[in-house]
Amino acid sequence: MQGPSSSVRLARVSTDPVGLEVIRERGVDVEPTLAQLRQLEIETPSWGYGDSGTRFHVYPWPGAARTVHERITDAALVHRLTGACPSVAIHIPWDRVDDWSELVQFAESQGIRIGAVNPNLFQEDVYRLGSFCNPDPDVRRQALDHCLECVEIAGAVGSSIVSLWLADGTNYPGQDDLRGRFRHLVDGLGELYAALPDGVKLLVEYKFFEPAFYATDLPDWGTAALVCCKLGPRAQVLVDTGHHALSTNIEQIVALLLEEGLLGGFHFNSRKYADDDLIVGSIDPFELFRIMNEIVAAKLDPSTASVADEIAFMIDQSHNVEGKLEAMIQSVVNIQTAFAKALLIDRNHLREVQKAGDVLVAHRALVDAYETDVRPLLVALRAASNLPSDPVEAFRSSGHAERLARERA
Ligand code: LRH
Ligand code: MN
């Protein structure tokens, strides 16, 4: 089975202090910037380490994780190489085990913890016409029971997040009563919300289509926000960056959800056409930067800092043709890069020229930061924690890929 050979030379990341000088000359206080970067924690998805594909084919990758323990092992390797991924999200039943405390201990022995618990209401035959929105009350009950089990699991693994995405929707006009389905949704999520123990948040993820192709019950940020407002303060919106109609202004949605205290988390990935789940920042890195700009601005604003500081940064991707581990590591690097560039924006200058209505100079304030090479900053960040200056190169030259391919053959 053909896989990449580690002999391929990767472009060397510049470790010269000059780059850092360039950043200092911009008037950037490097230490506080590094401190903010050090606080950036990115949760990786257990399901991103196994073989995945499209409806056309799943191409097996040599050494891909097959069990929840292997998925946690791989997530821990990504954390050891990046220093930025101390938790892994799990999906139920894909990651269900009989002994949750054993899994918690295993994760801790690997140096990470278990993060968000994701119910799965899209793989049982009974959910053909939906789960919480299904016309059949018994099916709605079954969906609720599955989510209540996930609340239990969150308690057992010490997780503070139940992250819910519903595939629910219809395929044809007239297929079902759209208002009736929304009422079922709110009633069902109301019972789920009431069962949340203290300290546990419910994140509500929306998606504009697929697998439903006429009406999706949770299609957009507005519907998700409406539902969260009906539920209560521990219900917040999860923005999956691949779940919007083309040319949707995602950073504007992020800004508004931050302003309203409704933004709970992200599923980062990239897409060119639909929900492509590609490596985050690979298709439109400037969009990722614009999103990070809104987050950094909110962190600096006392009225939104608390919600901004609580955002769950999570990756949600499937790697169909590339190595899972190096793709995940590259994703972490892309998120760190976008966040670092957003930290370089001269906010005082920006506010001044915005107030002055100087359109172009205001825009250039963002572009200037975006076009700054932050790799020296990330190298300094990693060096301070004895981490490899280029974690992708470190993985490639480590022999991990070959070892895992042998061990998991
Ligand atoms: C749905 C989704 C959701 C997950 C699944 C793996 O498209 O984004 O977050 O449950 O992908
Ligand atoms: Mn998602």
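This is a predicted model: local features need pLDDT of at least 70, side-chain atom pairs count only at pLDDT 80 or more; totals for chains, interfaces and linings use all residues.
Colour by relative accessible area, and take under 20% as buried.

**Whole chain**

Zoom out. The C-alpha trace spans about 65 × 60 × 40 Å along its principal axes. The radius of gyration is 22 Å, which agrees with the value near 22 Å for a compact globule of 409 residues. Switch to cartoon view: there are 16 helices and 10 strands.

Now show contacts. Among those with a separation of 6 or more, 79% are between residues 24 or more positions apart.

Then colour the charges. There are 37 positive and 58 negative ones, and their mean positions lie 3 Å apart.

**Stop 1: strand β2**

Select residues 87–92. How many of the six residues of this strand are buried? Six of the six are, so β2 is largely enclosed by the rest of the structure.

In a regular strand, side chains alternate between the two faces of the sheet. Check both faces here. Ser87, Ala89 and His91 are on one side, with Val88, Ile90 and Ile92 on the other. Both sides are covered.

Pick out Pro45: it stands opposite Ala89 of β2.

**Stop 2: helix α7**

Move to residues 221–231. Which residues of α7 are buried? They are Thr223, Ala224, Ala225, Val227, Cys228 and Leu231. An α-helix has 3.6 residues a turn, so residues three or four places apart point the same way. Look at Ala224, Val227, Cys228 and Leu231 in the buried set with that in mind.

Next, show what lies over them. The cover includes two helices, α6 (178–194) and α8 (250–259). It also includes two strands, β6 (201–205) and β8 (235–240).

Step past the end of α7 to Gly232. Its phi is positive, near 145°.

**Stop 3: His184**

Go back to α6, one of the elements covering α7, and select His184, which lies in this helix. Is His184 buried or partly exposed? His184 is partly exposed, with a relative accessible area of 24%.

Display its neighbours. Leaving aside residues up to four places away in sequence, His184 touches Phe132, Cys133, Asn134 and Arg140.

Finish with a distance. Draw a line from the C-alpha of His184 to that of Ser131: 9.6 Å in space, across 53 residues of sequence.

Key:
Residues are numbered from 1 along each chain as its sequence is written. Chains are lettered from A and ligands numbered from 1 in the order in which they are written. Side-chain values use heavy atoms; hydrogens and water are left out. Helices (H or I, at least four residues) and strands (E, at least two) are DSSP runs, numbered from the N terminus. The radius of gyration is taken over C-alpha atoms; the globule rule is 2.2 Å times the number of residues to the power 0.38. Contact means heavy atoms within 4.5 Å. Lys and Arg count as positive and Asp and Glu as negative; His and the chain ends are not counted. The place of a charge is taken as NZ of Lys, CZ of Arg, CG of Asp or CD of Glu. Buried means under 20% relative accessible area, exposed over 50%, partly exposed in between (1.4 Å probe, protein chains only). Two strands pair if DSSP finds at least two bridges between them.
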